[in-house]
Amino acid sequence: MGRNNLRTVISFEVGRTLGKRKFWFITLLVPIAIGIVIALVSLGNSTVASTIDARSDANLTFTYSDTSGYVDPAVATALGGTIVTDDTAAIAAVKSGDEDAHFVYPADPAKTPTQVYGADKGLFGNGEYDGVATQVLSISAQDQIGDPALTALAQGNISVTTTTFTDGEETAGFMGIIPPLIFVVIFFLVFMLLSNQMLTSTLEEKENRVTEMILTTLNPTALISGKIISLFIVGFVQVLVFLVPVLVAYVFFRTSLNLPEIDLSSFTFDPMQMIVGALLALGGFALFTGTLVAIGAVMPTAKDAGSWFSALIVLMIVPLYALSLILSDPSNPVVQVFTYFPYSAPITAMLRNAFGSLAGWEAAIVITELFLLSAIVLQLAVRLFRYGSIEYTNKVSFKTVFSRPKAAGVGRR
């Protein structure tokens with residue numbers, strides 16, 4: 001019977017949530033915004049490309065003077081340049097519109113800036129002058145060096161492959177950090193989107209004055225458990241809805257959006273790190289969900305619960321303010337407190353797990369702590385709801401809740 005009641009609560013809560021227009025409006029708002037951004041960026045990139053093509057068809061002509069002796073006249077001429085000796089006259093020609101640009105190369109270009117004068121082509125168009133002036137000097141220098149390999153070295157075009165080791169084992173490096181960090185993003189995304197619903201999931205029945213009727217057919221444990229499981233299901237639906245437009249954008253609009261091609265084979269997926277990250281995210285979500293449901297059971301209105309909700313958010317995100325300390329010195333006492341304090345543990349532990357500083361025994365302790373405390377908070381939420389369900393205008397007294405015998409509770413168990 002209890003299992004049927006739990007199934008009934010889950011199907012009702014999920015159906016009620018997914019059937020609300022407000023839920024889909026909020027859920028689809030992000031994908032729609034992503035779609036609009038994709039369309040605007042694609043349109044903007046195509047416009048920019050057309051503008052660049054049009055400008056490339058119209059060759060830039062310029063005059064230049066060179067006191068350094070580094071500019072190769074053949075290179076300058078090939079790029080549309082003409083050498084002059086009178087800078088004042090050349091600048092006057094640019095001002096009158098007779099010339100596109102004039103470059104003044106100083107005696108020591110490495111220490112003194114090259115002066116560029118040109119007709120205004122807008123904020124982005126003016127960058128063409130700097131590019132051409134630099135190109136003239138760069139190609140001239142390459143010709144004087146003569147050796148392409150030395151030229152590449154002088155420009156700093158050097159490939160470096162780094163391999164690091166921990167306890168004799170090769171570490172994955174940056175490409176091994178990204179996959180576990182996905183759980184941090186998912187945790188934040190789902191929590192922020194569902195936090196209001198977590199808080200009001202038990203307040204709705206209280207504010208609608210229907211809790212006595214509900215508790216005559218359902219026991220509080222089945223009701224609260226069903227609500228929490230429903231929030232997990234709804235969160236999973238929202239994650240899928242958000243991932244679809246991202247995947248569509250990458251698969252079909254990667255070129256127009258100038259997105260880099262991602263080679264999944266370059267990422268390192270450590271099974272243990274991924275499992276630990278998933279368990280930390282799941283345990284953290286369960287703890288925060290149960291806590292918000294318990295707060296909703298205590299408070300008579302959503303307004304009264306708001307201050308507690310804000311405090312919970314602060315506890316969750318406070319590790320981000322110590323991010324540099326978490327990454328650089330995981331053994332620091334502050335980081336250790338953040339790692340084991342339940343409401344800062346999910347974010348701290350997931351970050352440490354991604355960066356490889358969370359030992360296996362530490363992960364086991366934090367995961368056990370989160371799930372154990374989640375179960376305790378669930379029982380607390382059930383007890384609070386049992387006594388707080390009929391307190392429509394007053395906050396529930398913890399003294400009353402824990403001093404009265406269970407037999408005096410409302411509803412069946």
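What percentage of the 413 residues of the protein chain count as buried? The share is 37%, where buried means under 20% relative accessible area, exposed over 50%, and partly exposed in between (1.4 Å probe, protein chains only).

This is a predicted model, in which local features need pLDDT of at least 70, side-chain atom pairs count only at pLDDT 80 or more, and totals for chains, interfaces and linings use all residues. Residues are numbered from 1 along each chain as its sequence is written, and side-chain values use heavy atoms, with hydrogens and water left out.

**Figure 1. Overview of the protein chain.** The protein chain contains 18 helices and 6 strands; helices (H or I, at least four residues) and strands (E, at least two) are DSSP runs, numbered from the N terminus. Its accessible surface comes to about 22,800 Å², of which carbon and sulfur atoms hold 66%; accessible areas come from the Shrake-Rupley method with a 1.4 Å probe, and for residues only the protein chains shown count as cover.

**Figure 2. Surroundings of Thr 63.** Thr 63 belongs to strand E1 (residues 62–66). With a relative accessible area of 6%, Thr 63 is buried. Its side chain makes a polar contact with the side chain of His 102 at 2.7 Å. A polar contact is a pair of N or O atoms within 3.5 Å; within protein, one must be able to donate a hydrogen and the other to accept it, and residues adjacent in sequence count only if both atoms are side-chain atoms. Leaving aside neighbours within four places in sequence, the residues in contact with Thr 63 (heavy atoms within 4.5 Å) include Thr 82, Val 84, Glu 99 and Phe 103.

**Figure 3. Aromatic pair of Tyr 64 and Tyr 105.** The structure holds 7 aromatic pairs. Tyr 64 and Tyr 105 form an edge-to-face pair, 6.4 Å centre to centre with 75° between the planes. Tyr 64 lies in strand E1 and Tyr 105 in strand E3 (residues 101–105), so the pair ties together parts 41 residues apart in sequence. Rings of Phe, Tyr and Trp (its six-membered ring) pair if their centres lie within 6.5 Å; planes under 30 degrees apart count as stacked, over 60 as edge-to-face and the rest as tilted. Both Tyr 64 and Tyr 105 are buried. Ring pairs also link Phe 62, Tyr 64, Phe 103 and Tyr 105 into a cluster.

**Figure 4. Position of Val 244.** Helix H11 (residues 220–253) includes Val 244. At 48% relative accessibility, Val 244 counts as partly exposed.
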